[in-house]
Protein chains: 2
Amino acid sequence: MIAPTLLAAALQAAAPLPSDPIEADWRPIPAEELMVITLAGDRQVIVRLAPRYAPEHVDNIRRLARARWWDGESVYRVQENWVAQWGDPTEKKPLPAGIVRVPAAEFDAPACDAAQRLKGPDPRAAITGYSADGWPLATDGKAAWLTHCYSMVGVARDKSPDTGTGAELFTPIGQSARRLDRNYTVVGRIVEGMSHLSALPRSGAEMGMYATAGERTPILSVRLASDLPEGDRPRFEYRATDNARFAAALRRREQPAEGMTGPGGLEICESLPPVRRAPAP
Amino acid sequence: MIAPTLLAAALQAAAPLPSDPIEADWRPIPAEELMVITLAGDRQVIVRLAPRYAPEHVDNIRRLARARWWDGESVYRVQENWVAQWGDPTEKKPLPAGIVRVPAAEFDAPACDAAQRLKGPDPRAAITGYSADGWPLATDGKAAWLTHCYSMVGVARDKSPDTGTGAELFTPIGQSARRLDRNYTVVGRIVEGMSHLSALPRSGAEMGMYATAGERTPILSVRLASDLPEGDRPRFEYRATDNARFAAALRRREQPAEGMTGPGGLEICESLPPVRRAPAP
């Protein structure tokens, strides 16, 4: 094992690779697209919302956050190799004014939105790739939709055509949940604090719903970053994909790593484009 | 939510589907292919070994278990969305007699071994499918190898061409680790108790190695089921795949579920063939 300080020094000394981002590749995520979930025990989970892909659901989610609807609710379902889910386990808490009760499915982004396409075939879509601002997409050549990768945030629902309001949300915590693609609405991605959900104790009860209230993880608050005082707002940046540097990173990732003999290739969920805390100004 | 007892009654009353296994489809897993890892806190993890695919590594692993080499060691690495790893964190503990120090890579099962092939393309292999006895495989048409799905067990190693002895083992705990395919040797699959590894606290230290010994999860013992007294042996069965019932289950799985509008398709790691505790005789 190399000591971390030595490793950092070595990285700083190395010349940049064609696949390294330049500073301009890091773009700010608007504060109204960041949602801060504070769990008991001072655990914070940060969600990047996807209003361009799921405008109506994200509008609902913003109303729920502003109404402090999730405060006092919980993570009530953690199913091994499937999902962690939060909201109101009774599904009976009245929703705030202005919520669209049965929003339409939101799966129809323009297919041309994939700025960087993956080389290899995909078992579920003609093409997969990333949008310019780093979202993982699949497309059949006509429409495009966000994929249910590990750490993406989806809207739980009952039966079709109910697509859920956004009050009950989940994230895949194991092998990807892509069998939900174009079937459940994806509204975001967890960009920090994923382990506060992925490492929660699993429930052996049906569908991973905790059998007792004591097993649940309390949600202290859910706020949009834009609703927090300026000094308390988390600031994040995504790595833009519509440039030669990201393309080089992707081609590298599709090759077997140095000294490795594997077949190469990449599945859309294996390696989501980087998001980072904005450096101090 | 339907109460579990009502649901069970409803399932019993329903006529069997063409995709339901018959009793003869359940085949016993030999006791010498089951390894019982007992962690502190009365947590058991059961591994099914794959001697047909990795004979030399599995031979090493059996020697290590018989020498009680892992007793008193630990799960010392848990990296978010990557792996949990166990063994000796110092890598200095002397190995028992008879261990092959640098076993050859074991990636070359006959390509014809995939009894059930998946329909869809795969980003990493010409063909993917399951062996008759339920192992997930990828093949380039010449050789076949086990895939690094969630819950599979791989052999940790340093640099190529060292392929590891089997003393340090890991399992993927997030999105699949298929970029290790045909590069690291796969020796088995966790068939019970996966959540005792997947829900462990993540380490934020380099490579997910716990920074302090106190964070590690102690391993009390590792035994082959065949070395336990007859009455203490866990008994497991796999679902055979080389029959029309499994084929029907697979085709069903590749379709969008009832009432669902998704694109269908299946990736080799999404849904490993079932393994169950043997019913009481």
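I began with a network of salt bridges in chain A: it links D122(A), R178(A), D181(A) and E267(A). I counted a salt bridge when a side-chain nitrogen of Lys or Arg lies within 4 Å of a carboxyl oxygen of Asp or Glu.

Ground rules next. The model is predicted, so I kept in mind that local features need pLDDT of at least 70 and side-chain atom pairs count only at pLDDT 80 or more, while totals for chains, interfaces and linings use all residues. Residues are numbered from 1 along each chain as its sequence is written, chains are lettered from A and ligands numbered from 1 in the order in which they are written, and side-chain values use heavy atoms, with hydrogens and water left out.

**Salt bridges**

I searched the whole structure and found 36 salt bridges over all chains. I looked up R202(A) and found a salt bridge with E80(A), the closest N and O atoms being 2.8 Å apart. R202(A) sits in the loop between helix 3 (195-198) and strand 14 (217-224) of chain A, E80(A) in the loop between strand 4 (74-78) and strand 5 (83-87) of chain A, so the pair ties together parts 122 residues apart in sequence. Helices (H or I, at least four residues) and strands (E, at least two) are DSSP runs, numbered from the N terminus. Buried means under 20% relative accessible area, exposed over 50%, partly exposed in between (1.4 Å probe, protein chains only). R202(A) is buried at 13%. E80(A) is partly exposed at 25%.

In chain B I checked R178(B) against E267(B): a salt bridge, closest N and O atoms 2.7 Å apart. R178(B) lies in the loop between strand 12 and strand 13 (186-192) of chain B and E267(B) in the loop between helix 4 and strand 16 of chain B, so this pair ties together parts 89 residues apart in sequence. Both R178(B) and E267(B) are buried.

**Disulfides**

I set the cut-off for a disulfide as two cysteine sulfur atoms within 2.5 Å. The whole structure holds two disulfides over all chains. One joins C149(A) to C269(A), S to S 2.2 Å. The link of C149(A) and C269(A) is left-handed, with -80° about the S-S bond. I found C149(A) buried at 0% relative accessible area. C269(A) is buried at 3%.

C149(B) and C269(B) also form a disulfide, with sulfur atoms 2.2 Å apart. The torsion about the S-S bond of C149(B) and C269(B) is about -75°, so this disulfide is left-handed. C149(B) lies in the loop between strand 10 (143-146) and strand 11 (152-155) of chain B and C269(B) in the loop between helix 4 (244-254) and strand 16 (275-277) of chain B, so parts 120 residues apart in sequence are tied together.

**Strands**

I turned to strand 5 (residues 83-87) of chain B. Five of its five residues are buried, so strand 5 of chain B is largely enclosed by the rest of the structure. V83(B), Q85(B) and G87(B) cover one side, A84(B) and W86(B) the other, and all are buried. Strands pair here if DSSP finds at least two bridges between them. Strand 4 (residues 74-78) of chain B pairs antiparallel with strand 5 of chain B over four bridges. I noted S74(B) opposite G87(B). Strand 12 (residues 169-172) of chain B also pairs antiparallel with strand 5 of chain B over four bridges. There, F170(B) is the bridge partner of Q85(B).
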